[in-house]
Amino acid sequence: MSEAELHHALTWAQIGLAVLTAGALLLFRAPYGRHYRKGWGPSVPAWLGWVIMESPAVLLFVAIYLRGDHALQLVPLLLLGLWQLHYVHRTFVYPFRQRSPRPMPLVIALAGVVFNSLNAYINARWISHLGDYSIAWLADPRPWIGGAVFATGYAINKRADRMLLALRRPGEGGYAIPRGWLYEWVSCPNYLGEIVEWVGWAIATWSLPGLAFALYTAANVGPRALANHRWYREQFDDYPRRRRALIPFVL
Ligand SMILES: NC(=O)c1ccc[n+]([C@@H]2O[C@H](COP(=O)([O-])OP(=O)(O)OC[C@H]3O[C@@H](n4cnc5c(N)ncnc54)[C@H](OP(=O)(O)O)[C@@H]3O)[C@@H](O)[C@H]2O)c1
């Protein structure tokens, strides 16, 4: 089997994994954050779990990227920049800003390591070696539209996360109803932004690897948005009735 065939098979495996993940997460809630519960083995502080879980998306991604034949070409470098813009923040900034007193089961962090390693290989290897992104790709509207969609998702995700983190003062660990901006419409605009970002990536790369990651993101955070929304309604009698879970007016 050639590397291109192996890569193609792994990309389809990731799409299969997205279907399984969505099915599983519609049945049970991943036990971290507000859905944390005991019985999942040893745990680590949440910040450490995030750093462990997301590190392959930064470090392994760069290592694989640099081995590619097209690693020094402009368009692959721009795509690398988009990817790292998100993941350097998620791995090395976000964990130190969130103040979760709840630990993260190690099994969740390790599952994240496995997924992020697979995803790093599939996407990094594609943009710097197996795909073909010459300078001519910049004359096509897709990288520009995809880049704009990515930037929109990024801005939504970051602002929504910042608003949640601002709900707690140092030392606090409880929950409040988030209010204002997109929170008037949905319970989880951070997840909405995350999905929009990776749809942007799929458009900018116009690739099966990009599509696989966008599908996986929706499969992962979509069911969690439904679970969080149900949780808010159970916790707060005055939770706004018109607010939906993930997509304004729809879901
Ligand atoms: N690409 C992917 O597949 C993927 C998967 C998962 C997450 N993510 C991204 O990672 C980020 C964090 O995800 P998450 O699942 O941890 O998000 P989350 O459940 O919304 O929590 C985000 C942070 O805000 C706190 N928080 C949430 N709701 C709060 C409230 N009502 N009052 C006070 N504090 C509140 C949480 O504390 P607690 O931890 O104590 O609940 C946590 O520190 C998001 O941007 C998400 O899009 C991406």
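Select the helices α6 (141-165), α7 (189-205) and α8 (208-235), each of which supplies at least two residues of the shell around the ligand; helices here are DSSP runs of H or I with at least four residues, numbered from the N terminus. Among the contributors to that shell, α8 gives the most, with 6 residues. This is a predicted model, in which local features need pLDDT of at least 70 and side-chain atom pairs count only at pLDDT 80 or more, while totals for chains, interfaces and linings use all residues. Residues are numbered from 1 along each chain as its sequence is written, and side-chain values use heavy atoms, with hydrogens and water left out.

Next, show the residues surrounding the ligand, of which there are 27, the closest being Tyr32, Asp161, Tyr175, Ala176 and Tyr191; a residue counts when one of its heavy atoms lies within 4 Å.

Now turn to the polar contacts, which are pairs of N or O atoms within 3.5 Å. One nitrogen atom of the ligand lies 3.0 Å from a side-chain N or O atom of arginine 34, and a ligand nitrogen is found 2.7 Å from a polar backbone atom of alanine 176. At glutamate 194, a side-chain N or O atom is 2.8 Å from an oxygen atom of the ligand. Of the 890 Å² of accessible area that the ligand has on its own, the protein covers 95%, as computed by the Shrake-Rupley method with a 1.4 Å probe.

Finally, select helix α3 (residues 74-92) together with α7, whose axes come within 11 Å and cross at roughly 160 degrees. The two helices are therefore roughly antiparallel, a term for angles over 145 degrees.

Notes. Polar contact = N/O pair within 3.5 Å; in protein donor to acceptor, adjacent residues only side chain to side chain. Axes fitted to C-alpha atoms, helices over the stretch in contact; angles between N-to-C directions. Parallel < 35°, antiparallel > 145°, perpendicular 65-115°, else oblique.
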